[in-house]
Amino acid sequence: MSSQFKYTIEKRKDIGFLLNSLSIVIALIASIAFAAGLIALFGAEVDIVLKAIARGSFGSLHAIIDTLIKATPIMLTGLATIVAFRAKVWNIGQEGQLYAGSMGATFVILTFPDLNLPAVIHIPLLLLASMIGGALWGGIPGLLKSRYNVNEIIVTVMLNYVVQYLCTFLLNGVWQEPGSYYYNTIRFPQSTFLPLLFNTRLHLGFIIALLAALLVYFLIWKMKLGFEIRARGDNPVAASYKGINTKRVTLLVMLLSGAISGLAGGVEVLGIHHKLIWGFSSGFGFTGILIALLGRLHPVGVIVASIFFGALHNGASAMQIYSDVPRSLVNLIMGLIIVMLLFWEAVFKYRLRRVENVS
Amino acid sequence: MLADFLQAGLLISILATAVRMGTIVLLAALGELVVERSGVLNLSVEGMMLSGAFAGFMGAYYTSSLWLGVMCAILAGMLVSALFGLLAVVLHIDQTVSGLTVNIFAAGLTFYMYRSIFPNVGATTIPALQPFSKVPIPFFSEIPVIGEILFSQYALSYIAFFMMLLIAFYLYRTKSGLILRTLGENPRAVDMKGINVTLYRFLAVLFGGMMAGLAGAFITLASVGIFVADITSGRGWLAIAIVIFGDWKPVKILWASLFFGFIDALQMQLQALGVQLPFQLFLAMPYILTTVAVFLGRKRSGAPIALGVHYVRE
Amino acid sequence: MHSEADTPLLTVENITKRFGQLIVNDHVSFDVQKGHIHCLLGENGAGKSTLAKCIYGASKPDSGRIIFKGREVSFSSPRDAIRQGIGMVHQHFVLSEPMNAVENIIVGEESTGAILNLQKETESIQKLCDQYDVTFDLSLPISQLSVGEQQWIEILKALYVGVDLLLLDEPTAVLTPQEVERLFSVISKMAEEGISVILITHKLHEVMDISKKVTVLRKAKSIATVDTKDSSRESLAKLLVGRDFDFRVDKVKVGIGKPVLEIEELSVLRDNLTPAVDCVSLTLHEGEILGLAGVSGNGQSELFDALLGVRQALYGRIRLGEEEITNLSPAEISNKGMASVPQDRLKQGLIGNFSVKENLILGAHGNQPYCSGGVLNMKAIMDFSEEAIDHFDIRTMGPEQKVEQLSGGNLQKVILAREISHPVKALVASSPTRGLDINATYYVYNRFLELLKMKAGILLISEDLDEIFNIADRIAVIYNGCILGEYSIEDATIEKVGLLMAGL
């Protein structure tokens, strides 16, 4: 007797909010389970690790401040990634553009040391310089892509390396602090310091990042350019036919994306280090890409993900102290979460369907 | 200084190094060639090479056998590529996003595992092993000039040359190779013949992972004998660029790889020669040239038509 | 006495197939005899393609059975079907462009060895070509072959393996009348050799010209199977539509006014820098439909692109109304009153991932009232889309629905709503009714007529001669990038036009 029903796999028309959220939750749980397994495999105790992470990330006011400070630059590079990826322009150069931005601010400070401007003017000027620096570095691949259709992934990755060598060249030469053996500049003047908030170590950069998130949201969904960015990302052919200059969009997107990453560089250097020091960015650029993917290319997602990452990062430092688990677990977890997110989202695109088996 | 440079001995030594450096990237590029010819763009080559470099080192370190290390490297490359294949080929997730994600993930995993296993690595206490030595081919290595450049290389270089010939033969003279090439141009044609497009592409991706892992092993196990973070320093991206620059053809890819190997070798020697340019410029040279390579390759017509496009049966 | 000639080669019995809730084939039944040319006649959407898929193994029917060569068969794949003797030639060819005919034919075939012997394969394929009186260069890459030649390669794929039954899906859609004749002679020869052919078509005259028998499909059901010699165009049409069908669109003669689009000695290149449009001159007037006939690939898409500003004009001038628009940007040209309906709706005309409302303002998204100072006016956009959905009867769940979820007819409605909601001087439409069922098709024609009343002109680029003869006022023929002839519709005949389409 043949069965009444049979099962087929078919593609869903629309995922819907509920399943979308479910896929995210499953992804997070699966990632944590995998990470826990990995930790245990290498001989550490999972609950000690988790406690350390919790304490290190939100366990005190100091920890919370630290989390927000860590979240700032990657929130910005995450936003920079959103702007580019929404147009399907694959900017992987956030790291380099961040350095270019920090170098832009440094250039203005070191080249015009006698600028006696009040902080209210000096700081925005420097931030602007960092945005210009980042925009320039993003503009090179942008121009190559829009004009000559050169693969932007390879160019942005290559330029990451190139700008870092440029930076070491300068830090070993004209920009080096006299008498120092290390790769760093002199300490910047007080007027360039980003103001601190609420008498804590948290600097203005965090607010700037939040503002940037708001602006990016407005740009992508409420402005004509944002419409064109999304159009180019979803269907560049139809976009061209309907009058959108996709080449112009490509270039603009790289300039904007580079500028925002550059801003991240400027904010870090003016808010935390107060000098340009080699290696100040511990992968903020690449982490920004992770954050953007985690945040589903949406500013709110990026805000949440960057704070989450900042927390993890802090927790990981504590974790390294209290257990033998290396801090690099954090990057691994982030990468893992994204893989899981992609996987589960794709899996949920299909469904099992019961169909009448009429014979 | 120029006189020094032109001295035959130095030039020969540079060329020999060029072959070594070039064959490293050639292995990865050949793997990526096969993958892209099947229509899949795998951007995680850097991550796969890094995994191979790490696994190769670990395998050789713990088993004291270099060739077992190579086996581990190949396995690692294949595992990473399997993850990519699962996301991009089976689940039809955007190939660019999948590749970048797997890249980041593999790098993170590799570094984490290295740090977990060797928590106390410093400048003086870095774990090291005895790497491969060169394998001169009897009689041929005696030939003046050419002998040192081409026939006194590491085993892995000979393997790379052999793979190039093998892959060229495979692509153009075998039934399976024809199917693979057709997959890259019009996968529907292959589907209509009843051949499983997903499986074929997945296998191609695994092959690419194998080759990238092998290339990674070459880096750690031939000549350096240690592992550090970012030991691949962009060579995976270079491999992708070389496939474009070489117009998706094995012979052109061979020449492009050797050319970049030459640049790499030259850069090392120029520093030693005290050429009066900032050394950072030399270090940056491969990356600048890679950019130039993709710029020159922008009009290449050999790109598989279906590259990067998911195949969905209608 | 039962002779072998009486037993059908293929029996399709009560085939039923559903997609979700929709029934696409509803208890379809018919027989095909050995050595017959059998037509499957039906409108777009009647279920022909799905039925074909069940026969050649790409799809499993939900119920019913297929009996081939006397045995019940259930194919697991097209591969399986071909091995048992049933092959299919699709409407859209499945060829690998950079490779040549031989490589395309032998790829994946079990009969070839693991190491290819291209010499031997080429010889046997050449023999097949000779057998059917077809000559062309087997070593050329597909991209350099004509459409008719490419189709022959598709047929060769089946002949090479050796089929007893070959299905052809709308094969004449892309051919000139002369190439159609050549195809029909090949098919006839195949039938003489004992190979049965199922020809899927919606063209009545083809059925009358070549088939022995015809099965009519309508709304997922097989209505009747009749001998062609006992039928006529009218009787078939009645079966096809279910009622007496009037072939001509009721066109109220709108006065033809002054020129609205002038194309003067236009030359446009293809992507590979060969000439696509070669010194073309055309004039479109207010209130008229100018039909541009021609087999695809003769420069139509490049002409379309140049008119919209998407492709550069190498030489020549284009004037819209009084203004010169040559090589202006697509945005400018659109703002000056050029509307367009592209050939590939989801690829060229709409952004699938965008909502209906976003697609409705695509192109106008930078203009007042939808945008001012670079900021979008969400309310104005929403108001417009609600109105358009209502006015144009777009079947959608709402303005926020992603456009890729809509059916073909509704996609076209969205495009039309967008294009003709603003003042239009000229509309360029490329294959506007391709893939649409008969209701959607006549919806489009009626919208066109409305547009004519508002003093616009329509340039109709179409491979469907029936369509052009149906609604156009004048017809021009393009071949190899040149306009070979222009006639008013009264003076034109299919024969004359056909010759021009073939370049004669």
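**Exercise 1.** What share of the contacts in chain A with a separation of 6 or more comes from residues 24 or more positions apart?

*Solution.* This is a predicted model, so let's start with its overall fold in chain A. Step one: take the contacts with a separation of 6 or more; residues 24 or more positions apart account for 80% of them. Step two: look at the make-up of the chain, which has 13 helices and two strands. Step three: check the packing. A compact globule of 359 residues would have a radius of gyration near 21 Å, and the 23 Å of chain A agrees with that. Buried residues make up 55% of the chain.

**Exercise 2.** Work out which helix of chain B gives the most to the side that touches chain A.

*Solution.* Begin with the contact itself: 36 residues come from chain A and 35 from chain B. Next, list the helices of chain B that each supply at least two residues to this side: H5 (95–117), H11 (235–245) and H13 (279–296). H5(B) gives the most, with 13 residues. Finally, sort the residues on this side of chain B by type: 23 are nonpolar, ten polar and two charged.

**Exercise 3.** Trace the open sheet of chain C and find its edges.

*Solution.* First, write down the strand order, E2-E1-E4-E5, with antiparallel pairing. Second, count partners: E2 (22–32) and E5 (71–73) of chain C each have a single partner strand, so one side of each lacks a neighbour in the sheet.

Key:
Residues numbered from 1 in each chain as written. Chains lettered and ligands numbered in written order. Predicted model: local features only at pLDDT ≥ 70, side-chain atom pairs only at ≥ 80, totals over all residues. Helix = DSSP H or I, 4+ residues; strand = E, 2+ residues; numbered from the N terminus. Rg over C-alpha atoms; globule rule 2.2 N^0.38 Å. Buried ≥ 20, exposed ≤ 12 C-beta atoms within 10 Å, placed from the backbone. Contact = placed C-beta atoms within 7 Å. Nonpolar A, V, L, I, M, F, W, Y, C, P; charged D, E, K, R; others polar. Pairing = 2+ DSSP bridges.
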